[in-house]
Amino acid sequence: MAFSHKLSPLQSIHYPTITPRKGQNNLTQTQKIDMEIQFQWKPRVLCLHGFRTSAEILRKQIQRWPEPVLRKLELLFIDAPFPARGRSGIESLFDPPYYEWFQSSKGFTEYYNVDECLAYLEDYMIKHGPFDGLLGFSQGAILSAAFPGMQSEKTALTRVPMMKFVILISGATFGGIKFGVPKQAANAYSSPIKLPSLHIIGEKDFLKEPGIALLESFQDPFVIYHPNGHVVPRLDDKGEETMLRFVEKIEKLQLQEG
């Protein structure tokens with residue numbers, strides 16, 4: 001199956017080359033490696049937008065985050081494979097086109113085109129990876145949250161490296177008491193997910209309770225709460241601090257992996 005990927009990369013920010021200060025030539029090898037990672041390595045993050053939005057819309061929303069956060073990450077935004085099959089809830093705020101990752105029945109008991117969605121993403125990741133982690137909003141967060149478990153169960157993304165972390169905005173699990181689960185994600189949460197995760201949860205979000213329940217599936221999750229609804233929020237000082245601590249944890253893990 002041939003895919004046409006629609007990519008919207010966040011504009012690269014170029015910073016001046018950092019020259020060693022006086023005394024830094026006497027650093028130990030470990031300190032030099034730590035500095036090199038700190039100044040040069042950035043996690044590559046594939047960003048998955050929400051239901052009936054687009055890569056460009058998510059890019060514009062994420063660009064409002066503080067520069068100290070953005071400069072730590074290499075973010076790439078990709079459109080979902082399917083044009084929206086109905087009205088978008090953000091038509092008054094953002095221009096089309098709009099896309100969706102998969103479809104479901106009205107009662108969310110059945111899901112359609114999940115295989116095609118997963119193949120589409122894996123094809124992109126093979127061609128343009130490797131990627132270190134995933135960032136997702138809403139429908140994109142539901143997918144991103146399930147990927148680590150699906151990779152472990154070998155039901156998705158089997159030809160790309162294991163994800164090292166996830167950032168989930170308005171996330172949730174597939175399923176729940178009333179809803180069905182795609183067969184690919186049937187066992188995605190059968191074991192605790194140990195990779196680093198950051199969860200951004202809105203106090204007025206209709207997915208607040210599912211988002212809180214999702215925390216139980218991850219080991220030692222980082223959490224940012226914001227006072228708004230189902231949106232990609234700006235980060236206040238506390239949110240920025242939490243995000244930077246999360247990225248620092250990823251950097252330390254990268255250092256340990258060598």
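Tutor: Start with strand 8, which is mostly covered: five of its five residues are buried. Buried means under 20% relative accessible area, exposed over 50%, partly exposed in between (1.4 Å probe, protein chains only). Helices (H or I, at least four residues) and strands (E, at least two) are DSSP runs, numbered from the N terminus. This is a predicted model, where local features need pLDDT of at least 70, side-chain atom pairs count only at pLDDT 80 or more, and totals for chains, interfaces and linings use all residues. Residues are numbered from 1 along each chain as its sequence is written, and side-chain values use heavy atoms, leaving out hydrogens and water.

Student: Which residues of strand 8 lie on one side, and which on the other?
Tutor: In a regular strand, side chains alternate between the two faces of the sheet. Here G133, L135 and F137 take one side, L134 and G136 the other, and all are buried.

Student: How many bridges join strand 8 to strand 9?
Tutor: Two strands pair if DSSP finds at least two bridges between them. Strands 8 and 9 (residues 165-169) run parallel, joined by five bridges. L134 stands opposite V166 in strand 9.

Student: And strand 2, how many bridges join it to strand 8?
Tutor: Four, and these two run parallel. L48 has G136 as its bridge partner in strand 8, while V45 stands opposite G133.

Student: Why is helix 2 largely enclosed?
Tutor: Because six of its eight residues (55-62) are buried, including I57 and L58.
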